[in-house]
Amino acid sequence: MALKFEELLRKIALPKRYFTNNFIIADQYKEEVDAFVALLSQCSGSEFNVDKQLVIAAKTATLCETVKQNIEHIINAISFFENADLKSAQEEFDTLLNSIKDDIFISTIDDWVRIPLGEKTYSTRFRITPGYRYFRVRPVNEICNSISQNADELFHIPLSKRAYTNNERFSLAGFPSLYLSTMLPLAWQECGYPSKYYYSEYQYNYSYDPAFNERLIDNELRFISLYSPDEICNWGISIKYSNFDLWLEVIIRYLNVYPLVLACSFVNQSGKVPYKQEYIVPQMLMQWVQRNNPIVQGISYFTCVDTSMWTMHWCAYNLVVPAIPPYDDKMYSCKLREKFCWTKPQFFTVPIADAEYNKHDRMFVYHLLTDMKSAVRIKHFPTELFELFNKMMNVCSCLMSLLDNGATQNMQLALHILTSIDDNCRQLKVLPPPLIHRKKPGQVVLAAADIVVIAGLVCRTLARMKQSCYNNRKRHR
């Protein structure tokens, strides 16, 4: 069955998540790329006219062969690495990068990408929200004056303290790197949802020609940009009809690079372990960046954390730049210090974990829950309204438990619970019209309008808590 390219891109969505204890990167990668090649062979451009279909057919015929070669390079590199032949692994990886050097997207920090096409060169952006502000987060247990008064504490780890650097997706222990996110909530998520942390906002110093006030992109940091299939698909929805040649060039280039993007986008969620197989290829890519620093200085990539709670709220991405030499007397990168300026660290406690901050919410929910329990004892409810009232009491009890145990909560779990509570409250707002009740002697009937008022109170309390947790930048300021 023929596939549209948009359908292909939706079917090969990233990241790939696995939940098994028997996760083996080589086997899972082979399984995923086999599925990808099978889908790729079904793309014919059937949504276009005959002339364009012929152009697509010619391009995809060559593409399938080069994609298979790229896959083979990655499989070989993983195999060499797992057999402790690191030299051969890097050589195989260098061969891969050399074969796709004209297809990899190289961008500026704010996602401008140049696409040469014939005699023209196009400049475009693939991400919906290119970065203008950048954030870095450092988890802590309490306020620390040595961090609060020193902006460098939120810079990269100095080379003199390289022993404290950890293995990350795109960096090796012992090699400091500067990790940034284009939105504060994403930086917080990437650090594991800490309940207490410091953060700094970064600004990038763009290069300009003072005579003509034109931006000098060639003098700025350049990033290998790893885009998700969804980002490329969304970019191409309108471009494919307004500029077919540009759209096809981008699609072919992306599909040729996809085996590398895929290899950098595995998530094994079976538990925290010291050796993360899914980091093999991303770390090789960072080592290639360090060896080829005059060509490219960092990596721009979409997040692999679970953002299902906020898919409609933002489209942020991450940046990682190795600490580029030369270094100053404090062993920080002179180049990165020149390219960035940033604020002094600001301390923040997530509101749901701050007993002092949410004491009024806890008091309100407690009294509301007490009043509702009392109402159940002294008032009579029609069956339909009793079920709704009981559901509201369950919502309040859940919210109360969440607030009481906020300091010890898993923050990711707490946010999922808040989302679930919010969904319940939204349902409570959709109530049947007031019913006409027959009042028996000695009975007090609670009308539907009363239920609406109580539901509104619960919803407003929840909204305040969610606003505090999700959009915490207002409190920062």
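So, aromatic pairs: a search of this whole structure, which is a predicted model, finds 25 of them. Let me walk you through two.

How are Tyr202 and Trp342 arranged as an aromatic pair? They are stacked, with 5.2 Å from centre to centre and 10° between the planes. Now look at where they sit. Tyr202 belongs to strand β7, residues 196–204, while Trp342 belongs to strand β14, residues 340–342, so this pair ties together parts that are 140 residues apart in sequence. Are these two residues buried or exposed? Tyr202 has 0% relative accessibility and counts as buried. Trp342 is buried as well, because its relative accessible area of 16% falls under the 20% cut-off.

Next up, please find Tyr204 and Phe340. This aromatic pair is edge-to-face, with 5.4 Å centre to centre and 70° between the planes. Here too, distant parts of the chain are linked: Tyr204 lies in strand β7 and Phe340 in strand β14, 136 residues apart. Tyr204 is buried at 5% relative accessibility, and Phe340 is buried with a relative accessible area of 2%.

Before I stop, a word on charges and rings. Which ring does the charged end of Arg127 sit over? That would be the ring of Tyr317, with the charged end 4.3 Å from the ring centre. Over at Arg162, the charged end sits over the ring of Phe175, 5.5 Å from its centre. Thanks, everyone!

Note on methods. Residues are numbered from 1 along each chain as its sequence is written. This is a predicted model: local features need pLDDT of at least 70, side-chain atom pairs count only at pLDDT 80 or more; totals for chains, interfaces and linings use all residues. Side-chain values use heavy atoms; hydrogens and water are left out. Rings of Phe, Tyr and Trp (its six-membered ring) pair if their centres lie within 6.5 Å; planes under 30 degrees apart count as stacked, over 60 as edge-to-face and the rest as tilted. Helices (H or I, at least four residues) and strands (E, at least two) are DSSP runs, numbered from the N terminus. Buried means under 20% relative accessible area, exposed over 50%, partly exposed in between (1.4 Å probe, protein chains only). A charge sits over a ring if NZ of Lys or CZ of Arg is within 6 Å of the ring centre and within 35 degrees of the ring normal.
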